[in-house]
Amino acid sequence: MPMRKNTISELKHHLSTDSIVSILGHKNPDGDALGSTLGLSLFLKTLGITSQVIMPNTFPEFLKWLPAVDSVWCFDSDQEKCEEQLKNSDIVFTLDFNSLNRTGDLGAFLATLDTRYVMIDHHQEPSDYADFMLVDTSIASTCELVHEYIVTQYPEAKLSEDIATCLYTGIMTDTGSFRFPSTTSKTHRIIADLIDAGADNSQIHQNTFDNNAVSRLNLLGRALQNLKVIEDLSTAYIYLSQDELNTYGFKKGDTEGFVNYALSLKGIKFAVIFIENKADQIIKISFRSIGDFDVNTFARTHYHGGGHKNAAGGKSDLDLSSTLAEFENTLNTYKERLT
Ligand SMILES: [Mn+2]
């Protein structure tokens, strides 16, 4: 792979209406991954540039209302079609991730491609595969960076209602509805711009958050009964076994945000949720923190993961009870940083 590094402004010279363009998000795509990829794809369309959005696997129910979401291809269900498209691509945008292995099984294939990669992302410690980079780890969401890319590179551009809706959604979900510390006055200025362009803030919140099935709320009830608080380490965690997920008819995305209930406890600085996945034989883990405790480092050091300082993910190959026991042991070595 060529290792030239170019600024994002040079990308223009490599993008034309003849270009074959793919836009990739990360595995288990969230609101920011879908919002940024769809928003960028819809924007490129206004320039006459056709692009194909590809996700490594399927996305959660609560995002299925997004504009143009039906145009997304998923690698896990359409492997050949996706590989063919990627192989032929002149440009592959990689949005909301910074390491090819964040695409799961697709990663090894991507590493063999002879294409130009563009990285637009806000995660820590980007790896070195991209030819063009727009990376800022201080920014709350990739959607804000896509907005920056559009308005700086194409100052004449008009954002459509659909583009604005996609970008609004990603900013909203990655900022915890504009309440995480990464939310800045600039975030709100961009949001104002998106509302002016037609994003219906109230409707977007409703579409995303007010579509619960009873089974999901019952699953939340179960999760909250499995809440364990370790007061002297300012830590709280939740776990859900595969049996419990099955009992409540778990669907992808159902546990989104559950960890925040643990974090909402008075005096808690570090919150974790452990979710058993028997099919993949792993325990999927999400880490959240308030303040200085760096969960990106914690996830990288102990759980093959990473992310941001206050929000990260990882996994364990042990069974659920061993994972919890090991976590509590590990946690004890962080006493000084958590009290
Ligand atoms: Mn993001």
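Here are some quick questions and answers on how the labels for this predicted model come about.

The model is predicted, so local features need pLDDT of at least 70 and side-chain atom pairs count only at pLDDT 80 or more, while totals for chains, interfaces and linings use all residues. Residues are numbered from 1 along each chain as its sequence is written, and side-chain values use heavy atoms, with hydrogens and water left out.

Q: What makes Asp32, Asp96, His122 and Asp174 donors of the manganese ion?
A: Donors are N, O and S atoms within 2.8 Å of the metal (3.2 Å for Na, K and Ca), and with water not among the atoms, sites may look incomplete. The OD atoms of Asp32, Asp96 and Asp174 and the NE2 of His122 lie 2.1 to 2.3 Å from the ion, so they qualify.

Q: Why is Cys143 called buried?
A: Buried means under 20% relative accessible area (exposed is over 50%, partly exposed in between, with a 1.4 Å probe and protein chains only). Cys143 has 0%, so it counts as buried.

Q: Why is helix 4 called oblique to helix 5?
A: Their axes are 7 Å apart, at an angle of about 140 degrees. Under 35 degrees is roughly parallel, over 145 roughly antiparallel, 65 to 115 roughly perpendicular, and the rest oblique. So helix 4 is oblique to helix 5.

Technical notes:
Axes fitted to C-alpha atoms, helices over the stretch in contact; angles between N-to-C directions. Helix = DSSP H or I, 4+ residues; strand = E, 2+ residues; numbered from the N terminus.
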